[in-house]
Amino acid sequence: MNHRHPFIVIEGLDGTGKTTLRKGLFRLWEGLYGVTPLCVLTTNFLAADQAAAIVTGKYQPNAGNRDAYLSAIAADKRATLDRLVLPQRPARPVIADRWLLSELAFFAVKHGMRASETYETLAAHLTVAPDLTLVLDLETDASMSRAQARQGDAVRADWDVHDVQSRVRETYEAVVTKPDEFPLLGNVVRLDARRLRSEVLLAAWDVLRERQLVPSLAAHAEGGETHG
Amino acid sequence: MPGADVSVLAQCPSPLPAGDESARALLEDVGLGFWLELPQRHGAETRNQRGALHRAADTAAQNILVEQSGTAWSDAVTAASAAAAWWVGFFAVIRHRGVHHTTLEPHPGPLHEQALGTAVSVVAHGMATRVLEAALRNSDDDPALRAAYCRAIEAGVCVEPELPRLVDELAELRLVDLVSTTARWRGRFTKYAGGTGAGQVE
């Protein structure tokens, strides 16, 4: 049996607390379990020849660059898995700030593609699913309010608007209610992001414990290492 | 801080509840016996006045514990937080004899009392986190303990963006070391970048 740490994905609308949860899980793993996680983004620019297509496709999406963008992010995710996630999992957990679910929503909202269609294209390139996708769920008004209260973030006129964010949330809802159709999301768990941030972290930790994605502390203290 | 009452700054923290050997043992397990012992031994006695630093320590502990009490770990968190007030206060009292943490020049600039309150909060959270981790390694079955640990983690996440400014304001080497090494943050080891970790002044 391969002993390895988990690959965890955190998804949710802007303002739902993804980064805060990621930081909390990072500190929990590092402080309590004694292992420093690797954190990755949904796009890591590891396929250098795809960088231009990624930037253009994300920030100036149109029908003409749709397929190139989809191909580029598939390649980048493949490279992220091959060069970061898979090599690191024997040594440390990997936490991704967004992964597949966000891409399905982007192509649904920006290009009118069915989630299943986008998924089929990405799935052809990706062979590894995360162990867990945590979806932070929050009403659109609340998430937008939180996102706008942050300092330093640029407001994107074509994205940070209620209509778009609502459609993103609808796509999330449509996908996570049919997990069998999207196995590369891994096990999907929704977390109520209305709660206090510490309670969201506790809920995520409880999920990890229930699924044995964190070591038993007794075993950890004795030097054992058995992970999911 | 001209005119500051030294006795209030370095007040003796309240002792652990009588007979609470398990809390004391937990603190010893995590290497914090000295953390409590020195303030108990050297802290100033003041009859009624609870200084701002002790109020900051109390608030930090209450925010983590949220009315949880009577367990070894909750008593240990309360004690470690209270002791944080003494440690910050003590280093504040001798601050004028120290040097700036990066330039090593003497007489670091003036300091506002509010910064000391924030420093107490940061140090209290850091020590509480350490205590809670030790308690969890003994057993993670207690949901109240796990919840307290998550609150301590979140407090650390929230305060991290303020730490560089706090460190700049504290300025003096010992105070900066106290805060920057007890807090769990990315800048824990940045002091070494300036070459001050070699102990030239100490």
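This is a predicted model: local features need pLDDT of at least 70, side-chain atom pairs count only at pLDDT 80 or more; totals for chains, interfaces and linings use all residues.
Chain B has 202 residues, of which 51% count as buried. Among its contacts between residues at least 6 apart in sequence, 78% link residues at least 24 apart.

We can now turn to the place where the two chains meet. The size of an interface is often expressed as the accessible area lost when the parts come together. Here the area buried between chain B and chain A is about 1,600 Å², and carbon and sulfur atoms give 59% of that area. Three residues stand out on one side: B:Arg137, B:Arg146 and B:Glu154 supply 33% of the area that chain B buries against chain A, more than any other three residues. In terms of residues, the contact takes 18 from chain B and 16 from chain A.

Three salt bridges are counted between chain B and chain A. B:Glu160 forms a salt bridge with A:Arg27, and the closest N and O atoms of this pair are 2.7 Å apart.

Which helices of chain B each supply at least two residues of the side that touches chain A? They are helix 6 (113-138) and helix 7 (143-159). Helix 7 of chain B gives the largest share of that side, nine residues. Sorted by class, the side of chain B that touches chain A has 10 charged, seven nonpolar and one polar residues.

In soluble globular proteins, nonpolar side chains tend to be buried together. The largest nonpolar core of this model has 90 residues, and those touching the most other members are A:Leu21, A:Leu25, A:Leu134, A:Trp205, B:Trp35 and B:Leu170. Helix 6 of chain B contributes the largest share of this core, 14 residues. Another core, of 38 residues, lies apart from the largest one; its members include A:Leu13, A:Leu70, A:Leu122 and A:Tyr172.

Definitions and conventions: Residues are numbered from 1 along each chain as its sequence is written. Chains are lettered from A and ligands numbered from 1 in the order in which they are written. Side-chain values use heavy atoms; hydrogens and water are left out. Contact means heavy atoms within 4.5 Å. Buried area is the accessible area (1.4 Å probe) that two parts lose on being put together, summed over both. A salt bridge is a side-chain nitrogen of Lys or Arg within 4 Å of a carboxyl oxygen of Asp or Glu. Helices (H or I, at least four residues) and strands (E, at least two) are DSSP runs, numbered from the N terminus. Ala, Val, Leu, Ile, Met, Phe, Trp, Tyr, Cys and Pro count as nonpolar, Asp, Glu, Lys and Arg as charged, and the others, Gly among them, as polar. A nonpolar core is a set of buried Ala, Val, Leu, Ile, Met, Phe, Trp, Tyr and Cys residues joined through side-chain atoms within 4.5 Å. Buried means under 20% relative accessible area, exposed over 50%, partly exposed in between (1.4 Å probe, protein chains only).
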